[in-house]
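Reader: I would like to learn how to read a structure like this. Please take me through it feature by feature.

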Amino acid sequence: MDRVVYMDHASTTPTDPEVVAVMLPWMSEQFGNPSTMYSLGLRGAKVVQNARESIAHTINADPEEIYFTSGGTEADNWAILGVADAHSKKGRHLITSTIEHHAVLESMEYLEKRGCEITRVPVDGGGLIDPEEVRRALRPDTVLVSIMYANNEIGTIEPIADIGRITREAGVLFHVDAVQAAGKLPLDVEELGVDMLSMSAHKFYGPKGVGLMYLRKRTRVTPLLHGGGQERGRRAGTTNVPGIVGMAKALELADNRMAEDAVREAALRDRLWEGLSAGIEAIHLNGDPVRRLPGNLNVRLDGIEGESMVLMLDMEGICVSSGSACTTGSLEPSHVLLAIGIPAEHAHGSLRATLGRSTTTEDVDHFIKVFPPIVDRLRQMSPIWCENCVCKQRN
Ligand SMILES: Cc1ncc(COP(=O)(O)O)c(C=O)c1O
């Protein structure tokens, strides 16, 4: 087996060779620390400033509103914990949704354990949030609304601009986790009406371990990391020059090819779904059929476990994810699938394929060919599928 079919782009993407090329000098001869006063360091400060300007331009922000972080997790934690702390005199109520990434949900739980009140607005069967639910959840003591732009599991795209209008009217800060949306959907912080926005380079063919938070001017947020005075005293830590240079290049490339990539990936994703649903019985689509990211296909199959499918597909050289998170040895069904109303026993049978730039028609057809026999084999071994068969016979 030498063929590898990578269909897990929501998990991470390969770093684009053009991105690697622009990063290399900043890891070798140009290694200086940008916080120094000599030219070797100052050259680093200059490229970081150029990266800041280029990213700000892409998302319609000012360069001073961009703060570099170690990734999406740090940006999400910072937005939530930082606002809760800086605005605690106004109130201790925050609003989020039931389908956020763990970086948001666990930051909210952390605050809840320390006396904050959290409202988690529900989603419909496709994972969509009704902006009116957010309006209804607002209270005089609400300090933050945090809602993701696109979901990492089912790809559902949320009505961020509508929610932004509501939070603006109410004078409440709005944070958006745009980690899955960046590079795939146009991001304009003014049109979206957001005050804070998180991004992570490795999701759009940039390097791992670098991301950013867009923070609207005059927004009060307590720092998460304390130490040196980097990022205008708001985010300490030696500047990751190669990572930042790479992220800016990756965003520029993604922005230039966004429309073209979206059309191609959506067509391949639809081909995959049509092929799988034609060749396999009892397979269902998870999430919104229309409002979702172009490369995302999340399905569930009756009678089998996602993990066994992932392992068997791996033996065929295909990389995909299951709908469960294996934490400390116990298999928890995905909170996102539960939130869209899928019962736990069915959520376990889910599989996510996320297509990207390298995905070809041959990759999709290979998947369509090798998957049905895997499903048959797993169902033959599955006690739950047998029960289903009995039920079917009885009906
Ligand atoms: C929606 C979302 N938010 C946040 C993160 C965390 O980003 P990072 O990997 O950069 O910490 C991810 C990563 O999977 C994500 O999908």
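Author: Start with a strand pair. This is a predicted model. In it, strand S2 (residues 66–69) and S8 pair in the antiparallel sense, over four bridges.

Reader: How do strands of a sheet pair?

Author: They pair through backbone hydrogen bonds, either parallel or antiparallel. Ile-66 has Tyr-214 as its bridge partner in S8. Tyr-67 has Met-213 as its bridge partner in S8.

Reader: Which other strand pairs with S8, and over how many bridges?

Author: Strand S7 (residues 196–200) does, over five bridges. That pairing is antiparallel. Here Ser-198 is opposite Met-213 of S8.

Reader: Next, side chains. Where do they point in a regular strand?

Author: They alternate between the two faces of the sheet. In S8, Gly-211, Met-213 and Leu-215 lie on one side, and Leu-212 and Tyr-214 on the other.

Reader: Which residues of S2 point which way?

Author: Ile-66 and Phe-68 point one way, Tyr-67 and Thr-69 the other. All of them are buried.

Reader: Now an open sheet. In what order do the four strands stand?

Author: The order is S9-S10-S15-S12, and the pairing is antiparallel. Strand S9 (283–285) and strand S12 (321–322) are at the edges. Each has a single partner strand, so one side of each lacks a neighbour in the sheet.

Reader: How many bridges join S9 and S10?

Author: Three bridges join S9 to strand S10 (residues 296–301), in the antiparallel sense. His-284 is opposite Arg-300 in S10.

Reader: Which numbers describe two packed helices?

Author: The angle between their axes and the distance between the axes. Take helix H9 (residues 241–279) and helix H13 (residues 361–381). They pack at an angle of about 20°, with axes 9 Å apart.

Reader: Why do H9 and H13 count as roughly parallel?

Author: Angles under 35 degrees fall in that class. H9 and H13 are therefore roughly parallel to each other. The crossing of H9 past H13 is right-handed.

Reader: Where are Asn-60 and Ala-282?

Author: Both sit in loops. Asn-60 is in the loop between helix H2 (39–58) and S2. Ala-282 is in the loop between H9 and S9.

Reader: Why does Asn-60 count as partly exposed?

Author: Count the neighbours. Buried needs 20 or more other C-beta atoms within 10 Å, and exposed needs 12 or fewer. Asn-60 has 14 C-beta neighbours inside 10 Å, so it counts as partly exposed. Ala-282 has 15 other C-beta atoms within 10 Å and is partly exposed as well.

Reader: Last, the ligand. Which residues come nearest?

Author: Gly-71, Gly-72, Thr-73, Asn-152 and Ser-200, out of the 13 residues around the ligand.

Reader: Which element gives the largest share of that shell?

Author: Helix H3 (residues 72–86), with three residues.

Reader: How many residues of the shell are nonpolar, polar or charged?

Author: Three are nonpolar, eight polar and two charged.

Methods
Residues numbered from 1 in each chain as written. Predicted model: local features only at pLDDT ≥ 70, side-chain atom pairs only at ≥ 80, totals over all residues. Helix = DSSP H or I, 4+ residues; strand = E, 2+ residues; numbered from the N terminus. Pairing = 2+ DSSP bridges. Near = placed C-beta within 6 Å. Nonpolar A, V, L, I, M, F, W, Y, C, P; charged D, E, K, R; others polar. Axes fitted to C-alpha atoms, helices over the stretch in contact; angles between N-to-C directions. Parallel < 35°, antiparallel > 145°, perpendicular 65-115°, else oblique. Left-handed = near helix turned anticlockwise from the far one by under 90°.
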